[in-house]
Amino acid sequence: MVSRRRVLLAGGSAALAGMSGLVRAQAYPARPIRILVGFVAGGNFDIVARLMGQWLSEQLHQPVIVENRPGASANLATEAVVRAPADGYSLLLGGAVNAVNATLYDNLGFNFIRDLAPVAGVSRFPNVMAVNASFPARTVSEFIAYAKANPGKVNQGSSGNGTTQHLAGALFKTMTGTDFLHVPYKGAPQAITDLLNGQVQVVFEPLPASIQHIKSGKLRALAVTAAARSEALPEVPTVAEFVPGYEASAWFGAGAPRNTPADIIDKLNKDINACLADPKLKARIADLGGIAITGSPADFGKLIVEETEKWAKVVKFSGAKAE
């Protein structure tokens, strides 16, 4: 009798717990949600966050507010979400920059893999390996041959030390046995300007920063850094077509404080995936040179771990240090 009562009580407790999660998920969200972005307004992170926030706001019938909190290469925004209540009302739009920072910074006050619960992947944006139109190489193979034959004559400009753009070049050097000097700038516009002026010979910068110069013929796109060709530049090959296994695209995804209830994570994941399936939003991301990435929270968590491990090796090889 006691055993049977215990079984009934245990079953009832499990049912109540499941019902509690269901009720919580149905009631969520009951107030505005904020999405923190670690960069200033106007960049790809900010644009994607606002597109996603607008769509989610309409579906969830609650305001979704994008809060820009730039500084320390997105670490300020990340830590703010890590320290926030685990209730689904504070989200981070993080990305490859966080995977890099895990090794680049020695004394972070958080662990990106441990302290952020993966919610959903959002998008990938390829960088473009571009040279000045007057540069001798017209293909990746010709660039590799030129760099090896002319040591010290090739400089890579980037958006800054330790950025994914810098490390895309470092990964290229590791995989091709080439060597060229890295010249960090304050942002993509400055790096592109010096590429146009011939002060540096190559960049691995985001597509939106260079596409107008590529289309005008001032810059030559040798390759995109993603695993697949870009719809925005379909005639441009991938680096991997010449260097098998190379992939260095930027990616964005949503995370929440660890211990956020699983039912809320699942609801957000479902809603974000539905958002990314919307033809208008997909087209807008494509206009920026990106592609939507969908999947489960576990899929996104796997991506985070793989990317953190990959960039750890590149950071160590490159000797990059946080500024």
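Helix H7 lies across strands E5, E6, E7 and E8 and runs at about 130 degrees to E8. Here helices (H or I, at least four residues) and strands (E, at least two) are DSSP runs, numbered from the N terminus. Contact means heavy atoms within 4.5 Å. Axes are lines fitted to C-alpha atoms, for helices over the stretch in contact, and angles run from 0 to 180 degrees between N-to-C directions. The model is predicted: local features need pLDDT of at least 70, side-chain atom pairs count only at pLDDT 80 or more, and totals for chains, interfaces and linings use all residues. Residues are numbered from 1 along each chain as its sequence is written, and side-chain values use heavy atoms, with hydrogens and water left out.

An open sheet of five strands has the order E7-E6-E8-E5-E9. Its pairing is mixed; two strands pair if DSSP finds at least two bridges between them. E7 and E9 stand at the edges with a single partner strand each, so one side of each has no neighbour in the sheet. On average, neighbouring strands of this sheet are turned by 30 degrees against each other, direction ignored. Strands E6 (residues 155-158) and E7 (residues 181-184) run parallel and are joined by four bridges. Ser-158 stands opposite Pro-184 in E7. From E6 the chain passes through H7 to E7, in a right-handed β-α-β crossover. Right-handed means that, with the strands pointing away from the viewer, the path from the first strand over the helix to the second runs clockwise. E6 is also joined to E8, in parallel, by two bridges. There, Gly-157 stands opposite Val-203.

A further open sheet has six strands in the order E2-E1-E3-E10-E4-E11, again with mixed pairing. Its edges are E2 (64-68) and E11 (291-292), each with a single partner strand, so one side of each is left without a neighbour in the sheet. E3 (residues 90-95) and E10 (residues 250-257) pair in the antiparallel sense over four bridges. Gly-95 stands opposite Phe-252 in E10. Helix H4 lies across E3 and E10, at about 80 degrees to E3.

The largest nonpolar core holds 45 residues. Such a core is a set of buried Ala, Val, Leu, Ile, Met, Phe, Trp, Tyr and Cys residues joined through side-chain atoms within 4.5 Å. Buried means under 20% relative accessible area, exposed over 50%, partly exposed in between (1.4 Å probe, protein chains only). Phe-143, Phe-172 and Tyr-246 touch the most other members. Elements giving two or more residues include H3 (75-82), H4 (96-104), H6 (140-149) and H7 (164-176). H12 gives the most, with six residues. Leaving aside neighbours within four places in sequence, Tyr-246 is in contact with residues including Phe-172, Phe-204 and Val-239. A second, separate core of 36 residues includes Ala-49, Met-52, Tyr-89 and Ile-265.

Two threonines are buried. Thr-308 is found in H12 (residues 297-318), with a relative accessible area of 11%. A polar atom of its side chain lies 2.7 Å from the backbone oxygen of Ile-304. Beyond four places in sequence, Thr-308 is in contact with Ala-99, Ala-102 and Ile-113. Thr-238 is found in the loop between E9 and E10, with a relative accessible area of 3%. Not counting residues up to four places away in sequence, Thr-238 touches residues including Ala-223, Val-224 and Arg-229.

How values were computed:
Polar contact = N/O pair within 3.5 Å; in protein donor to acceptor, adjacent residues only side chain to side chain.
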